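Here is a short briefing on one protein chain. Please look over the sequence and the structure before reading on.

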Amino acid sequence: MSRRIIAFAALFAIILPVVSACGSIGAGEESTPLTIVSGGSTEYVIVRNDLYSPDNLSVRSAVDLRRAILAATGAEISLKTDWDGQEDNTARKEILVGDTNRQESKDALEKITGDQFIIKVYGDGTKIVITGKDEFGTAAAVRYFCENFVGYRSETEYEQKDEVVIPLELEVISTYIEIASSDGGIIPGSSEEASLIWQEAGTVEAGRRMLSRTDVLIYKLNGKRGKGYTLELDIEGEYYVTVSPDGKTYSRLFSHSDNGYATARGKYSADVTQYFADSDTLNVRISDYNPTDGMSPIIYSVNLIEKN
Ligand SMILES: [Ca+2]
């Protein structure tokens, strides 16, 4: 049996778009604006749980939020942990991501069930909670916040804006879907996948990444020098997959013409051990094998599996 180690944490779930959202603000109701970012700066800091390691999805989601705000508004927002010792943090403007030690996070978590997340402003806007019951819910919450309030969908898809303003009365409680994959493959559209993308391409919908003829997608996968790995792709269409340890010289790994299934969806894997002989990373480049026609690659998951 092989062990999963893929870049960053081994994850098996991804968050797909929200099924239902209910807010405390209905159409036509007056809301009071709460400014998070104005003129490229912010008074808020992002706060995350001190006890989690940097690979924890909740922590990575906090980093994603920071990155989204910076990209969309140019505002540098600090990210700190919730450990303040004896310091009084009640007046500090904080965006609390995940299950922090603040009372507001605890109160918000009481309001939701396991498959929900919550985004809620407390009091006069000093504390904004963005959390799920677990790190997957928190990732879904951050994604929702980024898309709906920051105007950020991905590194290449966001609105430039001077301000981020949310309603002071904001309370979103929403259900999300986790799609489990049997073997730990990372699914397009997840924040895990986002962390692997070196060159973005194509469009993502319902856990699939669809390339068009001239699109070139590059994942950068992290491993350990000298270890053995198998690369597994769940893919269909006219794919052409090349790999490179240095991002300069690419070698052919496989293409749709190598298997007997024509362009059907399937899990295709190849030994990539040799590329880790002298490198901790592997660039995986996916493009259309035959760009002159319409059949193009669709990617369902990517997985780098360490060999025992
Ligand atoms: Ca094609």
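This is a predicted model: local features need pLDDT of at least 70, side-chain atom pairs count only at pLDDT 80 or more; totals for chains, interfaces and linings use all residues.

Residues are numbered from 1 along each chain as its sequence is written. The chain has four helices and 23 strands. Helices (H or I, at least four residues) and strands (E, at least two) are DSSP runs, numbered from the N terminus.

**Overall make-up**
- Of the 308 residues in the chain, 40% are buried. Buried means that 20 or more other C-beta atoms lie within 10 Å of the residue's own, with C-beta atoms placed from the backbone; exposed means 12 or fewer, and partly exposed is in between.
- Take contacts between residues at least 6 apart in sequence: 73% of them join residues at least 24 apart. A contact needs C-beta atoms, placed from the backbone, within 7 Å.

**Cores**
- The largest nonpolar core holds 40 residues. Such a core is a set of buried Ala, Val, Leu, Ile, Met, Phe, Trp, Tyr and Cys residues joined through C-beta atoms within 7 Å.
- Leu65, Ile69, Val97, Ile130, Ala141, Phe145 and Val150 touch the most other members of this core.
- Helix 3 gives the most to this core, with 10 residues.
- Another core, of 27 residues, lies apart from it; Tyr219, Leu221, Leu231 and Phe276 are among its members.

**Helix 3**
- Helix 3 spans residues 135-150 and is mostly covered, with 14 of its 16 residues buried.
- Leaving aside neighbours within four places in sequence, Ala141 is in contact with Phe117, Ile118, Ile119, Ile130, Thr131 and Gly132.
- Gly151 follows helix 3 and has a positive phi, near 75°.

- Three strands form an open sheet in the order 4-3-12, with antiparallel pairing. Two strands pair if DSSP finds at least two bridges between them.
- Strand 4 (41-42) and strand 12 (164-167) are the edge strands, and each pairs on one side only.
- Strand 3 (residues 33-38) is joined to strand 12 by four bridges. Thr35 has Val165 as its bridge partner in strand 12.

- Four bridges link strand 19 (residues 239-244) to strand 20. Tyr240 has Ser255 as its bridge partner in strand 20.

Key. Two residues are in contact if their C-beta atoms, placed from the backbone, lie within 7 Å.
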